[in-house]
Amino acid sequence: MRILIVEDEYVSRRKLEKILSVIGECHSVTTVADAYKLFLNSIKENFCFDLISLDIVLPDGCGIDLLYKIRDLEKRFNIPESKRVKVIMATSHSDIERVRQCVKLGCNDFIVKPFNKKKVLEKLQKLVPIDDVCNKERGTVDIIEEIVKKLKKGDLGLPTISNTWMLLQDAVSQGANLDEIAHIIKQDPTVCYKIIATANSPIYKSVKKIVKIEDALSRIGLDIAIQHVHNIYAKSYFHDNSGILAEFSNDLWVHSVAVANLCSIICKTLQIELEEDPYLLGLFHDIGKLVLIKAISELLKMRKCDDVKMQDILMVIGNFHSELGMALLSAHNFPYVYLKVAKFHNHLEGCSHLSKEILVVNLANEIVKSQGYVAGIYVPTELNSLISYKILNPGRYIDEFILKLKEVMDIATLI
Ligand SMILES: [Fe+2]
């Protein structure tokens with residue numbers, strides 16, 4: 001369902017967008033002129049609106065005149081009565097009489113401000129073929145309520161991390177050499193095979209075929225090879241093909257691996273020393289999202305409901321993931337710096353002490369999103385307006401970061 005909201009007052013407009021986005025795709029405008037233009041285009045392009053919520057007093061004219069023009073256009077374009085847009089007028093108490101008269105002009109109903117969700121949905125149920133409006137609304141609310149309950153009860157946990165991956169993380173943090181790393185990788189034949197295959201791939205052009213993991217590590221270079229190994233484990237950790245949210249889960253692993261790699265690139269290029277491995281800090285910054293995806297996926301599967309909108313799910317994930325990520329990492333005894341990154345990577349203004357770790361992850365997160373590695377809702381941001389950009393001052397290195405990021409991601413997404 002396509003919905004046009006014509007409302008100049010900010011609070012009412014946002015309220016309507018929130019309520020109506022549950023049942024359809026909302027387009028908002030604040031003037032008669034913009035509304036008319038949009039409505040005319042929608043008729044010409046045969047992509048008509050199903051519902052219009054129309055304010056009476058608008059900055060450049062009157063909603064009633066617009067209603068008249070809309071009905072006139074529909075007649076001129078021979079739109080049958082049954083297919084004409086339903087118009088609901090939003091009005092204040094003092095205008096009720098005028099609106100009653102408008103019904104004669106073709107408005108279908110009116111709603112008196114201030115309105116709430118219940119009032120709006122009750123009116124809509126009589127108007128548009130959405131007999132399941134409240135059910136849809138209910139489905140989303142139920143999912144949110146169940147997730148919040150699980151959060152409160154501490155029923156959400158981190159997926160288990162592979163033992164070999166943990167061993168590798170320990171070994172790397174203690175500065176293990178090539179033979180020691182090779183010894184760990186050998187414990188996992190799949191990873192061993194993938195690293196040898198990468199070393200024999202055209203990326204590392206060489207005629208001599210490699211069969212030993214030690215040779216593979218030295219051809220690839222130990223640091224890069226370790227990142228490949230991390231990428232392989234991260235994929236199986238983040239990527240869940242079976243769930244209803246498989247696509248989002250795939251986006252999340254690509255996003256997390258991109259942030260992880262870019263954190264390493266930024267630290268290396270700008271010679272920043274972090275308390276913890278930049279790759280892992282980047283990898284786990286959105287861990288709350290992963291856990292929420294898995295939990296929501298399970299709930300949806302169990303309830304077999306297909307009436308929950310992706311937009312609502314993304315909203316829940318966006319709202320809860322930072323707090324949840326921090327709580328989970330804390331419950332699993334991750335160092336404090338991971339917790340702070342999980343909680344504040346998206347809103348530095350909330351953090352009283354901006355550590356290098358938070359700044360690096362925030363900058364990497366924004367660059368990565370600007371390059372299309374996005375998981376969830378993305379609002380484009382000017383990089384140079386970021387606090388992290390101003391403090392880390394990457395300036396001329398940004399292009400180099402992006403170039404290197406693309407190179408590593410080409411390999412990471414092949415694995
Ligand atoms: Fe992120």
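**Notebook: domains, cores and a strand**

I began with the domain assignment of the chain, which gives domain 1 (2–131) and domain 2 (239–412). The model I am reading is predicted. I looked up how far apart the two domains sit: the centres of domain 1 and domain 2, taken over C-alpha atoms, are separated by 39 Å.

Next I turned to the nonpolar cores. The largest nonpolar core has 77 residues. I noted the members that touch the most other members: Ile-195, Val-229, Leu-262, Cys-263, Ile-266, Val-360 and Ala-364.

Leaving aside neighbours within four places in sequence, I listed the contacts of Leu-262 as Gly-282, Ala-364, Ile-367, Val-368, Phe-401 and Leu-405. Another core lies apart from the largest one. I counted 33 residues for this other core, and Leu-16, Cys-26, Ala-35 and Ile-88 are among them. As background, I wrote down that nonpolar side chains tend to be buried together in soluble globular proteins.

My last entry is on strand S6 (residues 86–91). I asked how many of the 6 residues of S6 are buried. The count is 5, and I recorded the strand as mostly covered.

I then checked the strands paired with S6. Strand S3 (residues 51–55) runs parallel to S6, and 5 bridges join them. In this pair I found Asp-55 opposite Ala-90 of S6. Strand S7 (residues 109–112) also runs parallel to S6, joined by 4 bridges. Here I noted that Ile-88 has Asp-109 in S7 as bridge partner. Ile-88 is also the residue I had listed in the core of 33 residues.

Technical notes:
Residues numbered from 1 in each chain as written. Predicted model: local features only at pLDDT ≥ 70, side-chain atom pairs only at ≥ 80, totals over all residues. Domains from an automatic or database assignment. Core = buried A, V, L, I, M, F, W, Y, C linked by C-beta atoms within 7 Å. Buried ≥ 20, exposed ≤ 12 C-beta atoms within 10 Å, placed from the backbone. Contact = placed C-beta atoms within 7 Å. Helix = DSSP H or I, 4+ residues; strand = E, 2+ residues; numbered from the N terminus. Pairing = 2+ DSSP bridges.
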